[in-house]
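Okay, thanks for coming, everyone.

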Amino acid sequence: MRRSERHVRDVGRVRRRAGRHGSGAAVLAAVSAAALVLTACGGGGSSDHSGDRKGTDSREYDGFPAPAMPTGPPGTEEGAAEGEQKDGLRESAPPADYLSTFALDVDTASYGYARRTLADGRRPDPATVRPEEFINSFHQDYERPEGNGFTVTVDGARPEPTGVRPEDADGTDEPYGEDTPYRSYDDDPYAGGSGGDDGDWRLVRVGLATRGAEDERERRPAALTFVIDVSGSMAEPGRLDLVKESLGVMTDRLRDDDAVALVAFSDEARTVLPMTRLGDRRGRVHEAIGELEPEQSTNLGAGVTTGYRTAVDGLRDGATNRVVLLSDALANTGETDSDAILDRVADARRAHGITLFGVGVGSDYGDALMERLADRGDGHTTYVSTAEEARTVFCDELPRNIQLTARDAKAQVAFDPRTVERFRLIGYENREVADEDFRDDRVDGGEVGPGHTVTALYAVRTRPGASGHLATATVRWLDPRTRRPHEESGRIGTAALDRPLRSADAGLQVTAVAAYFADALRSGGDGRGTLPAAPSLTELAARADRLARATGTRAVARLADTIHRADSLSY
C-alpha cells in the first residue's frame, strides 16, 4: 500500500476519488461510511444531534443497520454482510468524506530505529518516522476477546493549550499553571475552518485488541525459517553478534515439538540447516548458529527466495509456518526491489500461508525496504538494538510474533457529519485502503497475532455547539483457519470527549505523547509538530516524565528519555 501526503480533512468541502489503494482522504472517507452504518444500533453518545449541518438533511444519515455477520466464504453472496450489494458496496451510506479506512498495522520498527538513532546523537530521517509505529510500541489495557478476532474500544479527550515553565522541564511538577506561558489556539495550524471556537479540536482513540497470548504449552507448534544476513555490513557490533546471541537463547526456549531452519545470505544464499525438529537436536542448531560469520555483499533477494523455498520444503501441517528475516536491509546486490523480491515467492505465500516477520538491526538500516517486505509478505517488522530487546522479541513475545488470530484485518471509522467538521488520521499513510474495499476480502489487510493491541489516533474538529453521536469504528478480519469474515464495532459520542487530556486514561495520554513526538520528529523546525495544541519537545518530555512516574513502566520511562534526547539535539 502506498504512502500518501499527510493532510487535514475538511469533510464538508473536500471530495477525493478513491482508487484501489486510495489516499488518506479516501481511507478516511471509507472508514466514516462504515462507522455511520453501525451508528444506529450502537450504544453511547447522546441522541441530540444539534449543530451546524451545512444544510444536510438529517434523514439522510438516520436508520443505517448494523452490518450482519457474514454467512459464507469471502467473495460470495453468502459472505456479504446484510445491506451490501453483490459488488461489495452498500446500498446506502453516508458521504464518503466522513470515512477513514486502513489496514491494521502492528509494526514497531520505526520507533525502535528512532530510539537507536537518537541514542547515537542523531535525529532520525523524517521519512523513517511512522507515527502509528510509535503509538503501537506501547501496549494498551483494552478489554480482550475470548477467542480469535478483536474487541473495539473508542475514547478520547480534549487537548489543552500548551506551555511549560523552565523549572518544570524536568517533569517534577505539573507542566501547567495559571502563570504558565502557553501556546494559544490562535497559533495552532489546525485553527480556522467554518468558524467557531478554535478549541473545538479533540483527540479520538480507536483501540483494537486480540485475545491474550496462550500459555506457551498450549500454542500450536512453530516451524520457523530464519533468514540471516551475513553480509559484510553485519560485522558491525550490534548486528550479527546480536542476531546469533538472540537465536541461541530462543533455541533453548522453544518447545521440543517446534522446528527451525537456517538460511544465510551474503552475495549468494544457502540453506545452513534444513527444517529440524528440536527435540534432542538443539546442539545441532547451536552449532549451525555458531558457524555464521560476516562475508561479502547483501543479496537480500536471494536470501528471501531461498528462505521461502526452505520453508516450503520443511512445511509442517498443523504448525505455524513463518519466515523470519534478520537483516540491516541494506541490499546492494541482486534484486533490491521489495515487490520484485516477493513476487518470486508469491506462490509460496499464497498457497501455504507462510508469512514474513522482519527484524531490523544496525545503526544504518534499510527501513523502507524492510517495512515494504513485511507489508507485502503479510507480516510485520520490529527493530532491536540490544540483547534485552532481542530476548523480548524472540522469547517473551514469541507467540504474538509468530502466531495469527486474524488475517487481512482492516478498520473503518465513520464520522458523523452532524457533529464532525474535520478530522485527520495520525499516521497509517502507507496502510490506507479505498473505502469501497473495506468489505472486499480480496484486498490485502493486516495480519495480527495474540496479545497485540492496535491503536489509531485521530485529531477531530467538532462542529461548534454540536452534541450526540461522533463516530463508529468497525474492524473486519478473516479467521486465520476458516478464512470466514467477521466484524466488530464500537462507537463514541461528543460527551465522552469533554475531559482534558491530562485527566484522561493513562494509556490515552501515552498514545498522545507518542503521536506528538512522532509528529514533531517528522515536522522538524522548532521541534513542535502540526497536531492541535502540539507541545514543544521540552514540554512533551515533562509530560512523559510525569506519565512514567504515574504508570511506573519502563517503556514510558524510555519514551521520556528518548524525548529528552531529541530535545537536546539541535536541527
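So let's begin with strand E3, residues 151-157, which is mostly covered: six of its seven residues are buried. Bear in mind as we go that this is a predicted model. E3 runs antiparallel to E4, and seven bridges join the two. If you want a spot to look at, find Thr153, which stands opposite Gly207 in E4.

Take Tyr516 for a moment. Leaving aside neighbours within four places in sequence, Tyr516 is in contact with Pro159, Leu203, Leu531, Pro532, Ala533, Ala534, Pro535, Leu540 and Arg543.

Now, aromatics. The count comes to 12 aromatic pairs. One of them is Phe415 with Tyr458, an edge-to-face pair at 5.2 Å centre to centre, with 70° between the planes. What I like here is that the pair links distant parts of the chain: Phe415 sits in strand E11 (residues 406-415) and Tyr458 in strand E14 (residues 453-462), 43 residues apart. Are those two buried or exposed? Both Phe415 and Tyr458 are buried. Elsewhere, ring pairs link Tyr111, Phe134, Phe138 and Phe517 into a cluster.

Next up, the open sheet. There are six strands, in the order E7-E6-E5-E8-E9-E10, and the pairing is mixed. At the edges you have E7 (269-277) and E10 (380-383), each pairing on one side only. Neighbouring strands are turned by 15° against each other on average, ignoring direction. Further in, E5 (residues 222-229) and E6 (residues 259-265) pair in the parallel sense over seven bridges, and Ile228 has Ala264 in E6 as its bridge partner. Helix H9, residues 367-376, packs on this sheet and touches E8 (320-327), E9 (355-360) and E10. The direction of H9 makes about 160° with that of E9.

Over by E7, let's look at helix H5, residues 282-290. Its buried residues are Arg282, Val285, Ala288 and Ile289. Seen down the axis of H5, these fall within an arc of 125°, so they line one face of the helix. They pack against helix H4 (240-253), E6 and E7. And the face turned away from that buried side? The exposed residues there are Gly283 and Glu287.

Last stop: the loop between E7 and H5, where you'll find Asp280. Why do I call Asp280 exposed? Because its relative accessible area is 73%, and exposed means over 50%. Asp280 is 24 residues from Asp256 in sequence, while in space the two are 7.6 Å apart, C-alpha to C-alpha.

Okay, that's my tour. Over to you.

Methods: Residues are numbered from 1 along each chain as its sequence is written. This is a predicted model: local features need pLDDT of at least 70, side-chain atom pairs count only at pLDDT 80 or more; totals for chains, interfaces and linings use all residues. Side-chain values use heavy atoms; hydrogens and water are left out. Two strands pair if DSSP finds at least two bridges between them. Helices (H or I, at least four residues) and strands (E, at least two) are DSSP runs, numbered from the N terminus. Axes are lines fitted to C-alpha atoms, for helices over the stretch in contact, and angles run from 0 to 180 degrees between N-to-C directions. Contact means heavy atoms within 4.5 Å. Buried means under 20% relative accessible area, exposed over 50%, partly exposed in between (1.4 Å probe, protein chains only). The arc is that of the directions from the helix axis to the C-beta atoms. Rings of Phe, Tyr and Trp (its six-membered ring) pair if their centres lie within 6.5 Å; planes under 30 degrees apart count as stacked, over 60 as edge-to-face and the rest as tilted.
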